[in-house]
Amino acid sequence: MDANNPNIEKRSTPQWALYQRQNFWKANDGQVPPFNTHPIKLEQRARERLTESGWYYASSNAGMSNTHLANRQAFYRHRIIPNQLVDTNNRDTTTEIFGHKVAAPIGFAPIGINKIYNPLAELPVAKVAGELNLPYCLSTAGSTAIEKVGEANGNGPRIFQLYMPHDDELTLSLLNRAWKSGFDAVMLTTDTWQLGWRHDDVASSNYAFYRGIGADLGLTDPVFQKRCREDGIDPEKDVLAASTKWIDSIWHGRAWSWEKIPWLIEQWKKISGGRPFTIKGIQSVKDAKKCVEYGVDGIVVSNHAGRQVDGAIASLDALENIVNAVGDKLYIMFDSGVRGASDVVKALALGAKFVFVGRLWVWGLSIMGEEGVRHVMKSLLADLDILMGVGGFNKVEEFEKDILESYPKSYNLIPDKVL
């Protein structure tokens with residue numbers, strides 16, 4: 001972490017590890033690092049800062065949180081095998097996603113209603129993502145207009161996550177707005193036609209949209225505004241009614257089927273000139289094979305971080321199954337349960353090409369807004385850079401299955417929720 005290390009100038013990516021030195025040095029200047037980024041302490045700090053409703057929405061999982069637990073347990077059965085005496089002075093953390101060269105194989109997962117975590121909502125998150133050259137994914141359930149988020153992100157690569165309404169005109173409006181705002185890939189999420197049963201949220205009547213909070217992405221849509229007028233709703237005067245109508249349009253309890261996918265792919269390709277169409281929420285080999293059959297460009301192996309189906313397969317185990325079946329036919333991405341650089345490395349070694357993180361940056365946003373997001377993500381990048389440096393890895397392409405020692409699936413219940 002020598003700031004005068006001559007290898008820094010030779011590297012093709014920033015010396016992310018220097019962020020460690022910067023934090024160690026702060027005491028000399030009468031400062032302290034922003035906050036502890038250990039996942040357990042990070043979550044605890046976020047809980048202290050958030051309102052009860054904000055905390056419940058950020059932390060609630062489906063049912064008894066067994067899928068959330070399985071996500072974390074799955075990482076433990078894989079152990080990284082470091083290499084020694086490897087010249088890693090010029091290591092490279094970069095990778096490519098959908099034609100964009102990015103700083104690391106790490107992206108900002110789509111998370112809705114950021115306004116309950118910070119008054120500026122998605123804007124500081126998108127800004128930091130652009131600054132760090134990490135892909136940013138905006139949720140349809142976002143609480144900021146698509147156009148404003150694109151502007152805040154600057155020239156960063158960005159993806160639009162679609163919750164598809166049962167209103168084709170509205171769907172096309174969202175896709176067109178996204179494309180015109182620089183979102184050049186789309187990610188259809190298929191596991192959330194309706195929210196999973198989350199005890200804390202239900203018990204506290206905790207639903208921001210039904211309080212008139214966080215529906216700005218929808219309320220700024222011209223087609224949705226037209227739908228409101230048709231129902232006699234003035235979104236400016238009756239935000240509650242408009243917000244309720246908006247969220248009931250996208251988390252509506254009515255499922256789509258595979259038959260709709262060819263139309264959606266065709267429309268997106270027409271709007272974007274052929275840019276990638278991906279599906280998020282794939283957990284089964286059968287569904288992954290369906291994606292190949294239907295011409296989907298990529299998938300995110302994800303169980304929504306355990307928030308939708310309780311008792312489901314761990315996302316990391318699903319990844320391994322899917323990569324073994326169709327790993328050479330799809331661009332496979334991963335999320336759910338990632339808490340640090342070693343988790344990122346394990347997912348890549350098991351065949352993912354890219355990894356998204358969510359709760360980490362949400363907690364950072366909750367604690368300290370823009371600076372909190374920046375601190376969490378720069379810390380994660382430093383963690384990855386250092387792991388590569390001391391573990392003997394020069395490129396992310398070296399994270400293959402043979403760098404892991406993997407043990408049988410034998411998951412005992414562990415009481416600690418965050419782990």
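**Basis.** I worked from a predicted model, in which local features need pLDDT of at least 70 and side-chain atom pairs count only at pLDDT 80 or more, while totals for chains, interfaces and linings use all residues. Residues are numbered from 1 along each chain as its sequence is written, and side-chain values use heavy atoms, with hydrogens and water left out.

**Entry 1: K127.** I located K127 in helix α5, residues 122-132; helices (H or I, at least four residues) and strands (E, at least two) are DSSP runs numbered from the N terminus. I noted K127 as partly exposed because its relative accessibility is 39%; buried means under 20% relative accessible area, exposed over 50%, and partly exposed in between (1.4 Å probe, protein chains only).

I then looked up its contacts (heavy atoms within 4.5 Å). Leaving aside residues up to four places away in sequence, K127 touches A152, N153 and E370. With E370, the K127 side chain forms a side-chain polar contact of 3.1 Å. A polar contact is a pair of N or O atoms within 3.5 Å; within protein, one must be able to donate a hydrogen and the other to accept it, and residues adjacent in sequence count only if both atoms are side-chain atoms.

**Entry 2: S65.** I found S65 in the loop between α3 (52-59) and α4 (66-76). S65 is not a glycine, yet its phi is positive, about 65°. I recorded S65 as buried because its relative accessibility is 17%.

**Entry 3: S336.** I placed S336 in the loop between β10 (331-334) and α15 (341-349). Its phi is also positive, about 105°, although S336 is not a glycine.
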